[in-house]
Amino acid sequence: MTASPDDRTAQVDETETATNKTSAKRAPARKQSSGAATPEETTTAGSAAKKTAPRTAAKPATAKKTAAARKPTAKQASGASRAASGTATAAKAAAEKAAPATDVVVEPLNRALAENSGAKTSASSAAPRSAAAARTAAAKNSAARSTAPKSASTARSTAKPAAKSTAAKTTAAKTTAAKTAAPRTTPAKTTASSAAAKTAAAKSAAAKAAATKAAAAKSAARSTTAKTTAAKAAAAKAAATKAAKAAAAKEAKAKAAAAEPVEPEAVAVEAEAASVETAPETPVIESTSQIETQSGTEIEPAVESATVVEPATVVEPAAAAESEPAAEAEPDSAAPVLVEPPSEVETAPEVELEVVEVVEAVMDSDDAASGAIRPDDGASAGEAIRIRGLVKHFGDNRAVDGIDLTVPAGSFYGVVGPNGAGKTTTLSIVAGLLRADAGSVVICGIDQASDPQAAKRVMGVLPDRLRTFDRLTGRQLLYYYGLLRGLTADVIEKRAADLARAFDLGDALSRVVSDYSAGMTKKIMLAGAMIHSPRVLVLDEPFESVDPVSSAVILDILRAYVSHGGTVILSSHGMDLVERVCSRVAIIVGGEVLAEGTIDEVRAGQTLEARFVELAGSSGEVEGLEWLHTFSD
Amino acid sequence: MAAHVLRLRFALLLGAVRGERRIRTLVAFAAIVAITVAVCLAVLSLDSAPVPVARAVTVLGGAALLVGFLVGPVLVGAVDQLDPRRFAVFGVDERQMPWVLALASLVSVPSLALLAVYISVCVVAISAGAPWALAVLLTIVSVLTTALTSRIGMAINALLLPERRSRELTALFALALIVIAFPVAVFFGSLRWDGLVPDSLAVLTTAIGYSPFGAAPAFLFSVAAGEAGAAWVSGIVAFLTLALLWLAWTWVVRRLLTTTERPVAARERTGLGWFGLLPSNAFGAIAARSLVYWLRDRRYIMNIIVVPVAGVLTVLPLIVAGVPIEIAALVPVPVMALFFGWLPHNDVAYDSTALWTHVASGVRGLPDRLGRLVPVLLVAVPVLAIAVPLSLLLIGDWSLLLPLGGLAASLLFSALGVSSVLSVVAPYAVSRPGDSPFQQPQRPTSRGTYGPAAAFLGAIVFSAPTIWLFAATIIEGSAYAPATFWVGILAGLLVLVVGAVVGGRIFERSGERLMEFVETA
């Protein structure tokens with residue numbers, strides 16, 4: 001189920017053209033899948049294999065709630081599919097937003113869309129279309145886990161043809177559901193969300209409730225709304241053109257506005273999302289054109305839900321607004337939505353969560369429809385780190401070759417990769433210790449290039465293989481870190497005492513740091529990185545050579561820190577640790593991100609280590625070395 | 001009560017030679033004995049000197065002794081064995097304690113040494129012509145005055161400063177003492193007496209003779225010289241001083257016995273060393289860290305040691321070549337000042353990869369630049385304060401004090417300013433932390449480094465006006481002396497401030513470039 005890296009671009013292209021090409025496919029597929037999708041969604045929602053379809057289905061439901069959060073994925077997905085299948089991306093975005101609970105593996109969704117087969121099928125049918133979009137979405141590091149299952153199912157059931165992008169979007173939306181919604185993809189999302197809502201409302205509802213993020217919800221809602229309105233208005237349209245989508249999006253927006261006040265944030269979104277879901281996808285399709293990039297992930301669930309929800313009428317207004325982005329995201333989904341309004345509408349009533357996303361999608365679609373695709377408007381709201389197009393060469397060696405990562409706030413992000421993959425280089429660039437040749441890094445909404453001092457202030461850094469001032473004693477070193485950060489002496493005193501107690505360094509503080517063991521040095525440097533209580537912790541191999549007891553203590557501290565809103569991005573070689581601890585992971589090989597998303601998404605049913613080995617490309621059997629067995633002494 | 005305390009005092013004296021610190025105590029005792037003998041002999045040699053000379057020497061010496069006993073405990077952090085506070089728990093009569101403690105304080109090694117010295121002074125005075133009754137009386141007054149002064153000095157230390165003091169604070173006090181007292185002592189020692197009191201000293205002697213610090217010895221020799229008026233004034237001042245000291249001592253004892261300080265939250269943070277002394281901001285942190293490294297890292301210590309040695313060694317070839325010593329002695333001070341200022345021109349490279357702390361925390365450039373200069377200044381200023389008087393001693397022309405000081409200041413500060421800029425612009429690889437200072441690092445590129453030469457030449461260029469004025473002073477006379485001094489200091493400070501600001505700006509903006517340098521060097 002895991003797509004190779006090459007498939008990503010293929011999927012993107014695929015998605016773009018898929019919506020147009022496969023709209024016809026989608027219609028029948030959707031029909032068949034919608035029927036099958038619902039049960040499938042429920043049944044397969046949890047399974048990784050069929051994830052795409054159920055996820056897309058689930059996504060809308062959850063996407064609405066978490067649409068905002070998943071916006072980046074949605075955006076990416078929508079961007080990919082924007083050209084051709086706005087709705088698809090929208091659906092994907094929506095899907096991502098819609099399904100916070102389940103992790104979405106993009107590929108299964110894509111495959112499901114592509115296959116268009118019945119068995120897992122709604123997923124498979126959605127797979128091809130959504131595969132590309134999903135991959136884009138996944139690559140975009142969306143956090144809409146929960147949206148994934150729902151949107152997957154939604155996509156499968158509702159919008160197969162358009163669902164490809166949609167499904168991808170749903171997947172993406174699921175992963176990034178929590179993130180700010182991508183307005184563009186909201187239309188797709190709406191459709192997806194409506195579909196998902198119907199089928200996996202229960203699942204996604206619970207998931208989404210947990211993972212509701214304002215932006216995600218917003219975008220999802222928007223997309224859903226857009227989708228529903230689009231679907232309604234453009235039910236008769238066959239192939240959604242961008243213009244048509246835009247019009248539908250506007251319509252959807254109006255409807256959404258009419259239905260409920262489109263609130264950017266999650267709470268109000270729910271109602272809207274519900275209404276949006278009922279709106280047909282067609283308006284979504286129309287509106288998707290502009291908004292798909294933003295709500296790519298969200299749109300998926302939105303799209304799905306929208307498609308599913310079409311018959312429902314409540315959602316129309318919200319859906320209308322959302323449909324704009326959704327429409328863009330899923331032009332295809334809109335078409336099939338038109339064909340199968342009833343199936344889509346079914347999911348509408350269930351989805352409370354998706355309403356949230358829909359509303360957000362509406363908002364996003366509003367923005368998108370207004371013409372300005374806000375690239376990163378959602379970034380500051382819920383993203384701790386946003387890396388785009390990072391490139392770093394060391395002479396001929398391309399250490400970092402175009403990395404795009406989005407770390408949502410409040411997440412525990414792991415970066416894994418083989419030796420020499422560029423992890424340390426990437427983290428050094430984020431920490432401000434290295435200058436990239438190209439690309440942008442935005443930390444908590446602060447652009448590193450324009451305001452480096454402010455960016456450094458919100459970060460705590462633990463670099464790898466760099467010395468520290470080890471002629472000072474431990475206490476003096478903590479004072480040094482604190483005073484450089486601008487803390488006062490008594491604050492440092494208290495915090496240093498707390499940190500020493502937590503890290504079990506009490507009596508070692510009076511000794512010179514050069515007398516410490518390697519693990520103790522790591523611990524004191526970690527304590528120094530945290531002493532000014534930053535928002536983001538950038539840790540490079542923090543558990544290297546630290547004993548298990550201290551590792552457990554450090555993990556507890558970091559988990560508490562994350563649960564209170566902090567963000568941790570760390571790199572490690574311990575796969576079981578990453579699997580146990582991290583909420584999202586990115587696999588970097590050769591300077592590129594090969595897989596990204598939640599843990600379940602990335603590992604796709606295997607263990608993370610197996611998946612990593614698979615991606616990193618083991619050399620297989622080691623041949624030669626026979627001489628090693630003939631002891632030549 | 002007195003008997004108890006005296007017995008206690010004897011026991012303490014005997015206990016000092018017991019235990020682990022026996023050898024150290026005995027060595028210190030022997031040193032005190034030796035010094036006392038030397039001083040007594042020196043005083044007795046005044047016997048042959050004319051009375052004004054003897055008066056000048058004893059008055060100034062006595063004043064210095066009193067000042068030393070008053071502020072010495074604060075500087076050294078000495079712990080008083082008979083601290084009045086220790087008797088507070090015994091329910092003693094606080095009206096008796098002052099004279100009991102004063103009496104007990106006379107039973108100590110320094111007091112006995114003092115007694116020996118003052119007896120010598122008395123002998124000299126009697127042989128000079130003072131009536132022996134008055135001489136003995138005033139000698140007793142002198143001894144009591146000095147003893148009470150030392151008691152009060154210890155009490156001030158107990159009242160003002162906390163008990164446990166960091167070593168670094170004591171070191172700072174000692175450095176301040178060296179910077180101030182050494183030149184003065186050398187100056188006085190260099191004056192040519194030839195049986196006559198130099199005019200400047202005569203005025204000083206008279207003034208101190210009427211003050212509480214030197215009244216008693218002044219009386220002795222005024223009487224011997226037959227100046228009744230001056231003698232009466234000095235005598236009355238001496239008795240008044242004793243009375244006032246007694247009152248002060250009584251008040252201090254009563255206060256120490258009856259009051260305790262409000263327990264303040266321990267401001268003294270233990271275990272911080274220099275970090276506790278310097279201000280709690282980025283500048284203080286970087287200064288403290290630099291101090292720790294300069295005083296403990298082998299690579300830096302080598303730099304510190306080399307400079308004075310190089311400064312002195314440059315003189316030898318010149319002397320061998322026949323340059324008169326008056327001119328050759330002018331060379332070490334500017335050379336040392338220049339090299340001290342040149343030392344931090346590569347400070348960033350010495351940090352090695354630990355520089356990431358500064359770059360990642362976004363510390364401002366100016367505190368960083370200034371903080372790195374603190375250790376250099378802390379070492380350079382005392383060394384120059386010792387070198388300048390010694391050079392002038394060899395030259396013999398004390399009118400060159402101001403110009404030489406101005407030149408040294410100009411070279412030192414402008415070199416520091418130029419180094420602040422060059423250490424961020426042109427750093428080059430040095431031995432890594434933990435390596436021997438003589439281990440050459442591997443340089444990845446064969447690019448020539450212009451940092452050291454640029455720092456050297458830049459300092460000389462910026463000091464050009466001062467150098468020109470100094471030459472003018474030597475050649476044409478002391479008319480240019482004040483100008484040299486002020487021009488030197490102002491120009492040096494200007495270059496220092498500008499260099500620190502510019503270097504700070506460059507540091508802030510090129511953090512990543514410096515990180516790449518330290519990671520590859």
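Q: Before we start, how are residues, chains and ligands labelled here?
A: Residues count from 1 along each chain as its sequence is written, while chains are lettered from A and ligands numbered from 1 in the order in which they are written. As this is a predicted model, local features need pLDDT of at least 70 and side-chain atom pairs count only at pLDDT 80 or more, though totals for chains, interfaces and linings use all residues; side-chain values use heavy atoms, leaving out hydrogens and water.

Q: What's the mean pLDDT of chain B?
A: It's 86, and 95% of the residues of chain B reach 70 or more. pLDDT is the predictor's confidence in each residue, from 0 to 100.

Q: And what ipTM and pTM does the model score?
A: ipTM is 0.76 and pTM is 0.61.

Q: OK, strands. What does E2 of chain A pair with?
A: Strand E2 (residues 383–394) of chain A pairs with strand E5 (residues 438–443) of chain A, antiparallel, over five bridges. Strands here are DSSP runs of E with at least two residues, helices are runs of H or I with at least four, and both are numbered from the N terminus. Two strands pair if DSSP finds at least two bridges between them.

Q: Which residue stands opposite Arg388(A)?
A: Ser440(A), in E5(A).

Q: Switching topic: how many residues from each chain are in the contact?
A: 37 from chain B and 31 from chain A, where contact means heavy atoms within 4.5 Å.

Q: How much area do the two chains bury between them?
A: About 3300 Å², 59% of it on carbon and sulfur atoms. That's the accessible area (1.4 Å probe) lost on putting the two parts together, summed over both. Phe275(B), Trp356(B) and Glu512(B) supply 20% of what chain B buries against chain A, more than any other three residues.

Q: How many salt bridges are there between chain B and chain A?
A: Three, meaning a side-chain nitrogen of Lys or Arg within 4 Å of a carboxyl oxygen of Asp or Glu. One salt bridge joins the side chains of Arg435(A) and Glu512(B), at 2.5 Å, N to O.

Q: Which helix gives the most to chain B's side?
A: H12(B), with seven residues.
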